[in-house]
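Colleague: I would like to learn how to read a model of this kind, one feature at a time. Could we start with the ligand and then go on to the strands?

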Amino acid sequence: MNQPILEVKNISKTLGGKLILDDVSLSLNRGELKVLIGPSGGGKSTLLQCIHYLINPDKGDVLLEGRSAAEMGRRNICAFRQEIGMIFQDFNLFDHLNAENNVAVALRKVKGLTKEAALKRARQELERVGLADKATLYPAQLSGGQKQRVSIARALAMDPKVMLLDEPTSALDPELIGEVLNVIVDLSKSGMTMLMATHQIGFARHLTSEIIFMERGGIAEAGPPSVLLAEGSCSRTADFCSKLTELLGKNG
Ligand SMILES: Nc1ncnc2c1ncn2[C@@H]1O[C@H](COP(=O)(O)OP(=O)(O)O)[C@@H](O)[C@H]1O
Ligand SMILES: [Mg+2]
C-alpha cells in the first residue's frame, strides 16, 4: 500500500501555441492534502484540468491507484474521471435545480440510482456539509459559501478517490470563506485525498503536508510548510505569501 493513490507524471500542455505546462510531476499518498500556490497564470487550473482529463495533456500521464489514464480508451477515461471529484471557483451548479437535485442528478444519470435512492444519498451528503435544512432551496436562494458546500456535497456523492479543488474560496466574500474551509478540513480529517489550488496561506500553513509553488507552467519549489514558510525563509513561497498578505492587509 506504499504506492501513491495519484501520480502525475511529466505532464506538458500547449494551448494557443504557448507552453502552459512544462513537464509537471507530483504525487499524493492516500489521505494526503497538498496545496498548489503561485501567481495567476502560472498553470494551476490547467494542471488540475489535465489531471481530471477535462483537458487532455499533450505529454505525460496520470495514474490513479496505479492505473494509467494515458493507456485508457475513451470509455475507461469516463470511469476514471468519475473517480476524481472536481470543485471549481464558481461552483458550477445547475441554477434550475434545488440543492438536493443538484447533488442527486449525477447519482441518477451516471450511477443509475433510483430517484428515491439518489435523493436519500443527496440529503446525507448535504447533511455532511451542514446544509440539511437547505436541501430544497435553489442556488439563487443560497449564499456563495452554501453554494460551494452544495458543490462539495455533489462531488462527495460520487465517492471520489481524490478531490481536486481549484481556488474553492476565491469567489467568496471574506466572511463566507471559513465555512467552506471548515468543510475541507473535515474532509481531510476523514481521510479524503485532496489537491487544492488556493491563496489561503493560513490554511496551507497548518493543514497541508506539502506546498507546491507553481509559476510559468512549472513547479518552482515544493516542500512542507514548516520548511518553505519557516521564520526567515527565503523561499519563493515565503516571498509570494508575504506579498499576498501585504496586499490583503492594504485592501482590508
Ligand atoms: N484555452 C487556452 N488557450 C490559450 N491559453 C490558455 C488557455 N487556457 C489557459 N491559458 C493560459 O494558460 C496560462 C495558465 O493559466 P491557468 O492554468 O489558468 O493559471 P492559474 O490557474 O495558475 O492562474 C495563462 O497564461 C492562461 O492565459
Ligand atoms: Mg486558476
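Colleague: Which element gives the most to the shell around ligand 1?

Modeller: Bear in mind that this is a predicted model. Helix 1 gives the most to that shell, with three residues. Helix 1 and strand 2 each supply at least two residues of it.

Colleague: Which residues are around ligand 1?

Modeller: The list runs Leu15, Lys18, Ile20, Pro39, Ser40, Gly41, Gly42, Gly43, Lys44, Ser45 and Thr46. For polar contacts, a pair of N or O atoms must lie within 3.5 Å. A polar side-chain atom of Lys44 is 2.8 Å from an oxygen atom of ligand 1. For Lys18, an N or O atom of the side chain lies 3.0 Å from an oxygen atom of the ligand. Gly42 takes part through its backbone, where a polar atom is 3.2 Å from a ligand oxygen. As for cover, ligand 1 on its own has 570 Å² of accessible area, and the protein covers 60% of that.

Colleague: Now the sheet. In what order do the four strands of the open sheet lie?

Modeller: The general idea is that strands of a sheet pair through backbone hydrogen bonds, either parallel or antiparallel. Here the order is 2-1-4-5, and the pairing is antiparallel. Strand 2 (18-28) and strand 5 are the edge strands, as each pairs on one side only.

Colleague: How many bridges join strand 1 and strand 2?

Modeller: Seven, in the antiparallel sense. Within this pair, Leu15 stands opposite Lys18 of strand 2. Helix 1 (residues 44-51) packs on the sheet and touches strand 1, strand 2 and strand 4. The direction of helix 1 makes about 120° with that of strand 1.

Colleague: And over how many bridges do strand 1 and strand 4 pair?

Modeller: Strand 1 (residues 6-15) and strand 4 (residues 59-64) pair over five bridges. One pair of facing residues there is Lys9 and Asp61. Strand 4 also pairs with strand 5 (residues 67-68), over two bridges. In that pair, Leu64 stands opposite Arg67.

Colleague: Which residue takes a positive phi in the hairpin of strand 4 and strand 5?

Modeller: Glu65, with a phi near 50°. The hairpin has two residues between its strands.

Colleague: How do I read accessibility? Is Ser151 buried or exposed?

Modeller: The cut-off for buried is under 20% relative accessible area. Ser151 has 2% relative accessibility, so it counts as buried. Ser151 is found in helix 5 (residues 144-157). Apart from neighbours within four places in sequence, Ser151 is in contact with Ile87, Phe91 and Leu93. A polar contact of 2.5 Å joins its side chain to that of Gln148.

Colleague: Where does His199 lie, and how is its accessibility classed?

Modeller: His199 lies in the loop between strand 8 (193-197) and helix 7 (201-207). Its relative accessibility is 26%, and therefore His199 counts as partly exposed.

Colleague: Which residues does His199 touch, not counting those up to four places away in sequence?

Modeller: They are Ile37, Gly38, Lys44, Glu167, Phe240 and Leu244. With Gly38 there is also a polar approach: a polar side-chain atom of His199 lies 3.3 Å from the backbone oxygen of Gly38. As a further reference point, the C-alpha atoms of His199 and Thr169 are separated by 8.8 Å, and these two residues are 30 residues apart along the chain.

Methods:
Residues are numbered from 1 along each chain as its sequence is written. Chains are lettered from A and ligands numbered from 1 in the order in which they are written. This is a predicted model: local features need pLDDT of at least 70, side-chain atom pairs count only at pLDDT 80 or more; totals for chains, interfaces and linings use all residues. Side-chain values use heavy atoms; hydrogens and water are left out. Two strands pair if DSSP finds at least two bridges between them. Buried means under 20% relative accessible area, exposed over 50%, partly exposed in between (1.4 Å probe, protein chains only). Contact means heavy atoms within 4.5 Å. A polar contact is a pair of N or O atoms within 3.5 Å; within protein, one must be able to donate a hydrogen and the other to accept it, and residues adjacent in sequence count only if both atoms are side-chain atoms. Axes are lines fitted to C-alpha atoms, for helices over the stretch in contact, and angles run from 0 to 180 degrees between N-to-C directions. A residue is near a molecule or strand if one of its heavy atoms lies within 4 Å of it. Accessible areas come from the Shrake-Rupley method with a 1.4 Å probe; for residues, only the protein chains shown count as cover.
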